[in-house]
Amino acid sequence: MQFKSIKTTDLTSCDCLCIAMYSDQPLSYLVTDKTMYDMLVDKGVRKIIEQGDFTGDLAQAHLHTITDDGSQIKRFLLIGLGKFKKLDAKNYDKIVDTTVNTLSSLSVENICINFFSQLAPNIEMPFMLQQMAFKFVRHRYQFNEQVATQNIDCYPPKEKKDKSNNTLQTIKCTIPDNGLTNQQADQALTLGAKLGEGVNTARFLGDLPANICTPTYLADYAQTMGKQYDSLQVRIKDEEALAKLGMEVFLSVGRGSIEESKFIEIEYTPKTKKAKDAPIILVGKGVTFDTGGISLKPSAGMDEMKYDMCGAASVMGTMRFLAETNVCQNRIIGIIPATENMPSDCATKPGDVFKSYSGQTVEVLNTDAEGRLILADSLSYAEETYQPRKMINIATLTGACIIALGNHRSAVMSNDDELANELMNVGQSVLDPCWQLPLDDEYDELLHSNFADMANIGGRAAGSITAGCFLKRFVKNTKWAHLDIAGVAWLEGKKKGATGRPVPLLANWLLKQNKS
Ligand code: BES
Ligand code: MN
Ligand code: ZN
């Protein structure tokens, strides 16, 4: 699929011309080009509106097919934008979904979208273009386990030969003469398309079953990415190397599994002066399957614990976005502690005490609170090794987070309110929202242990927050935020599948850091 911006007057022919209309503005409001307007009148589009068959209500779609053979454009898809003043990012996203779903179900190759000729008050043009391209690419995702089992080098993922989903080739977006330049518009389209690929990478890894997606698979996948892109360098540490470093707390989680734990580092180096500056670090929880260990989980729905590496998958997807676009000007390091949490004769037992990389000791009262253990050592190691400017970890960390925020917002916890606000603002604007939870000392006290510096659980109350407090103890003086994505990383039921969140949040936040 190719995305391109054009000036309205450059429109010659396409399989389908997609026209938008506000419900409280005339057709001519967005069809500013006289030639195009005359064509719409000529082809009966105005008539459809006059008859009341198309009103421009939010996300309304009306397909108009031309039967006379002489027409260069055979189809007109009319899309409703709703009320002019009500068009914001959320409503626009509904409009995009309708547009993408309808166009993807048609047998068309080249389409032109004429949405962008006038600014609406509550939404920005670059976002509109980015989101359009993003959703077209995102829509193409289809899980294909054959590719996954045969070949680690499965990027770009092979698409199922399914005509209805596979014919789109060129998507042109018309832009007005007096707004963005073609270059700016194309940049927004490219960012959106590449964001879609990053999200689909995360979805693919998340959806893979745990017998394929092991810690070793994740390490191999990262190494393959390292070979694919000049800007990425990948380093893998095995259990022996981790033991030498003193990451006992991380290693305690994988002790019950036959699969070897891996510590994956993916470094993105920009082609800018900032290449040597302190990096920004993303740490993603990579528990490829979480049985709970000796504190075994109930069996109902346990298959979903293959998604317990969605934090890792979001880091991988974000690194792919960075390498594909090469527009991020900072050095970024993605870190993935990868392991499998299993019960066995060698598994950690409740009450076992381990010494962390930081030197603090941890009493493991519940082996199912394993995510914080692998993150703790990763955060301390990352801070000490790289002295980052900022550090964010992403994890399907607590069931309690789903109770608190449901499946809509991620939770963000931070030792720096400014950073938490940045994340909330970016999340809001790119429709990958998160909400801050507090990390007061009163909560931290719940981690008290009589036998070590701390316990790994704080009891039933404020479960997401005590997990956040635990992590905070392993970050000394770096601006740090923790994203708990337990509620948003995958969908359940009939639509079961990974969402690729929070790649949109992470990718857009990283681009914002170019300015600082
Ligand atoms: N991976 C789970 C959290 C989780 C559960 C995410 C369900 C999404 C859906 C995590 O490792 C875990 O088991 N957390 C425990 C912590 C508890 C033992 C303090 C939990 O949330 O029950
Ligand atoms: Mn667990
Ligand atoms: Zn877990």
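I shall speak about a metal site and then about the cysteines.

This is a predicted model, in which local features need pLDDT of at least 70, side-chain atom pairs count only at pLDDT 80 or more, and totals for chains, interfaces and linings use all residues. Residues are numbered from 1 along each chain as its sequence is written, chains are lettered from A and ligands numbered from 1 in the order in which they are written, and side-chain values use heavy atoms, with hydrogens and water left out.

Let us turn to the metal site. Asp290 (OD), Asp368 (O), Asp368 (OD) and Glu370 (OE) coordinate the manganese ion (ligand 2) at 2.0 to 2.2 Å. Donors here are N, O and S atoms within 2.8 Å of the metal (3.2 Å for Na, K and Ca); water is not among the atoms, so sites may look incomplete. The spacing of the donor residues in sequence is D-x77-D-x1-E.

A zinc ion (ligand 3) lies 3.2 Å from the manganese ion (ligand 2), and aspartate 290 coordinates both. Aspartate 290 counts as buried, at 3% relative accessibility, whereas aspartate 368 is partly exposed at 22%. Buried means under 20% relative accessible area, exposed over 50%, and partly exposed in between (1.4 Å probe, protein chains only).

What is the count of disulfides? It comes to zero, a disulfide being a pair of cysteine sulfur atoms within 2.5 Å. For cysteine 112, the nearest cysteine sulfur is that of cysteine 14, 5.2 Å away. Cysteine 112 is buried, with a relative accessible area of 0%.
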